[in-house]
Amino acid sequence: MEFLRPTTWGDALAVKAERPAAVPVAGGTDVMVEINLDRRRPEALLDLTRIPDLAGWAPEDGWLRIGAGVTYTRVIEELGDRLPGLAQASRTVGSPQIRNRGTVAGNLGTASPAGDALPPLLAAGAEVVLASARGERRLPLAEFCLGPKRSALRPDELIAAVRTPAATGPQVFAKVGTRGAMVIAVVSFALDLDVDRGRAGTAIGSAGPTPLRAPAAERFLEGVLADGRRLSDSAVRRFGELVAEAASPIDDVRGTAEYRRHALAVLARRALSQAWADARGRRR
Ligand SMILES: Cc1cc2nc3c(=O)[nH]c(=O)nc-3n(C[C@H](O)[C@H](O)[C@H](O)COP(=O)(O)OP(=O)(O)OC[C@H]3O[C@@H](n4cnc5c(N)ncnc54)[C@H](O)[C@@H]3O)c2cc1C
């Protein structure tokens with residue numbers, strides 16, 4: 001197996017154009033597991049860890065551009081105030097060792113519906129920046145994820161970055177697993193609330209072929225926000241029901257479809273109550 005180690009972004013894109021079968025490696029926390037378990041035997045690995053362009057994040061036209069090499073640990077330490085939902089999700093990923101190596105772009109590259117970084121990004125309306133020797137294109141995250149572990153990434157493309165609006169209100173991420181840590185989500189939920197603009201973003205993880213939004217729940221919540229009403233218990237309950245209805249779960253080793261829907265309604269209710277209290281605290 002060849003190990004290709006470009007040191008510039010231009011070289012990495014040229015290698016990917018020439019060798020589309022080369023498998024990119026960022027933190028390796030998914031790729032190396034696949035190789036160790038003999039699920040994959042690529043002819044070449046394309047190591048992206050030496051490319052300075054991927055290592056940073058920066059504000060860009062009111063958004064935040066997070067380079068493909070940025071790890072979960074850095075999201076937690078450097079972006080917790082700007083992207084609390086993504087930081088909260090990052091804290092639940094694996095162990096410190098996995099968070100030190102693993103990247104948000106690697107989570108996108110794997111495109112698992114259980115990937116913890118995906119719901120907060122989807123709820124916020126993030127987009128993926130894809131690059132090849134032919135140029136750059138941007139895709140909304142909802143269009144990037146095509147199915148379980150299937151994405152819109154073309155063979156000659158690499159993920160350059162993910163772009164997401166900075167939080168303009170409370171963001172909450174919640175996850176249910178079979179234990180408290182080092183666990184793949186049985187189900188997860190992200191909420192992004194912009195009280196001033198009356199916008200609500202939601203995303204469901206691990207209960208469908210891709211992370212899913214819950215549009216009816218979002219419209220319902222936006223109606224509550226527009227009314228300026230106090231958040232009633234019945235509104236919280238209805239929101240939970242609408243989120244659960246938007247899911248498309250299956251029975252598998254981690255949980256049944258029925259349990260997933262139930263847990264989602266609970267997570268959504270908790271997330272809304274927490275976000276609402278947070279919004280009220282900000283207004284004071
Ligand atoms: C013990 C353990 C615990 C884990 N716990 C969790 C968890 O709680 N939650 C969770 O979501 N995940 C978890 N994971 C999975 C993994 O850590 C994450 O999916 C992580 O985000 C992968 O990032 P990485 O940088 O290591 O990706 P890599 O393994 O390097 O790559 C993952 C995929 O993305 C592709 N890729 C990487 N970078 C690029 C790029 N720039 N352009 C194009 N393709 C690219 C690779 O080719 C590969 O297909 C766990 C893994 C382990 C081993």
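This is a predicted model: local features need pLDDT of at least 70, side-chain atom pairs count only at pLDDT 80 or more; totals for chains, interfaces and linings use all residues.
View 1. The shell around the ligand comprises 33 residues, of which P24, T29, D30, Y72 and T103 come nearest. Divided by class, this shell has 17 nonpolar, 12 polar and four charged residues.

View 2. At G94, a backbone N or O atom lies 3.0 Å from a ligand oxygen atom. A nitrogen atom of the ligand is found 2.8 Å from a polar backbone atom of I159. On its own the ligand has 980 Å² of accessible area, and the protein covers 88% of this area.

**View 3. Secondary structure elements in the ligand shell.** Two or more residues of the shell are given by each of β2 (23–25), α2 (31–36), α6 (104–110) and β10 (158–165). Helix α6 provides the largest share, four residues.

**View 4. The largest cavity and its lining.** The structure holds two cavities of 30 Å³ or more, and the largest has a volume of about 40 Å³. Its lining is formed by G85, P120, A123, Q171, V172, A190, L191 and D192. Helix α7 (118–124) and the strands β11 (171–176) and β12 (187–194) each supply at least two residues of this lining. The largest share, three residues, comes from β12. By class, the lining of the largest cavity has five nonpolar, two polar and one charged residues.

**View 5. The second largest cavity and its lining.** The volume of the second largest cavity is about 30 Å³. L83, L86, P120, L121, A124, T164 and Q171 form its lining. Helix α7 contributes three residues, the largest share of the lining of this cavity. Five of the lining residues are nonpolar and two are polar, with no charged residues.

**View 6. Residues that line both cavities.** Helix α7 supplies at least two residues of the lining of the largest cavity and three residues of the lining of the second largest cavity.

Technical notes: Residues are numbered from 1 along each chain as its sequence is written. Side-chain values use heavy atoms; hydrogens and water are left out. A residue is near a molecule or strand if one of its heavy atoms lies within 4 Å of it. A polar contact is a pair of N or O atoms within 3.5 Å; within protein, one must be able to donate a hydrogen and the other to accept it, and residues adjacent in sequence count only if both atoms are side-chain atoms. Accessible areas come from the Shrake-Rupley method with a 1.4 Å probe; for residues, only the protein chains shown count as cover. Ala, Val, Leu, Ile, Met, Phe, Trp, Tyr, Cys and Pro count as nonpolar, Asp, Glu, Lys and Arg as charged, and the others, Gly among them, as polar. On a 1 Å grid over the protein atoms alone, a cavity is a set of points where a 1.4 Å probe fits but cannot get out, and a pocket is an open set with protein on both sides within 12 Å along at least five of seven lines; lining residues have an atom within 4 Å of a point. Grid points are joined across faces, edges and corners, and a volume is the space filled by probe spheres set on the points.
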